[in-house]
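Please look through the model shown here before reading my points, which go from the overall fold to one helix.

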Amino acid sequence: MEFSDAALLLAAGLAAGTVNAVAGGGSLITFPAMIAVGLPPVPANVSNSVAVFPGYVASVAGSRQDLPRGRAIATLLPATVLGTIAGALLLLATPARAFELVVPFLVLGATAVLAFQDPLRRLVGHPRDLAPRRRTLTVQAMVAVGAVYGGYFGAALGVMLVAGLALVLDATLARVSAIKNLLSAVVGCTTLVVFALLGPVNWAAVALVAPATVAGGYAGARLVRRLPPVVLKTLIVAFGTVIGLYLLWRALR
């Protein structure tokens, strides 16, 4: 690998780790970087999914003080793992073109949900007003859908998780972001296992990107705890909009 290619992957990993911790969508930095150094699309996507996992773990470490205590978070893990496996197997078994056309609208839709969270809550009801069973099923469904998406493609997974969870959880945005980090780490760990066993991983690219995402992920998670909620929400909405429009442009060109 050329020195310039290695430098590009290191810089992309650092930026992606930071962006994933703050808003999600860092894969839209590392995935094009892997394409730029010569990897075909599917190996680039698979290698990228493996490489960003350590950054998610670092984000969890940086935001651990905002994670809820007790069994509540543990109940979300089975849906996360099963959804991720389904998405990863779907990626390996089917052409990506149809999903590629749907992804931009999923990202833009998730961003709109977060942007208009308060009006939507008035329409569907505030989480604290929902029956416990209905609230639990809604959260599980949100997590499962996000995990399938994360296993298949993963870019903007953080935006989608924050948007969905913020709508159905009665929690601060910082806590929702911490939950997003943990679930993203579980998605990343699951895809790592599946793709390491079945996917065309380029381990040289992973070895360069993964350590850089750790530094960026921890720094980004610490930054989130210092941002006012309105600023954090604005950043996520802005980044999600940019990601969605970029994916739409890429799919239609």
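1. Read along the sequence, the protein follows the pattern α-α-α-α-α-α-α-α-α-α-α-α, and its secondary structure comes to twelve helices and zero strands. Helices (H or I, at least four residues) and strands (E, at least two) are DSSP runs, numbered from the N terminus.

2. This is a predicted model, in which local features need pLDDT of at least 70 and side-chain atom pairs count only at pLDDT 80 or more, while totals for chains, interfaces and linings use all residues. Residues are numbered from 1 along each chain as its sequence is written, and side-chain values use heavy atoms, with hydrogens and water left out.

3. The radius of gyration, taken over C-alpha atoms, is 17 Å, which agrees with the value near 18 Å that a compact globule of 253 residues would have; the globule rule is 2.2 Å times the number of residues to the power 0.38. Along the principal axes, the C-alpha atoms fill a box of roughly 55 × 40 × 35 Å.

4. Among contacts (heavy atoms within 4.5 Å) with a separation of 6 or more, 82% are accounted for by residues 24 or more positions apart.

5. Of the 253 residues, 50% count as buried, meaning under 20% relative accessible area with a 1.4 Å probe, protein chains only.

6. Which residues of helix H2 (residues 27-36) are buried? They are Ser 27, Leu 28, Thr 30, Phe 31, Ala 33 and Met 34. An α-helix has 3.6 residues a turn, so residues three or four places apart point the same way. After H2 comes Gly 38, whose phi is positive, near 110 degrees.
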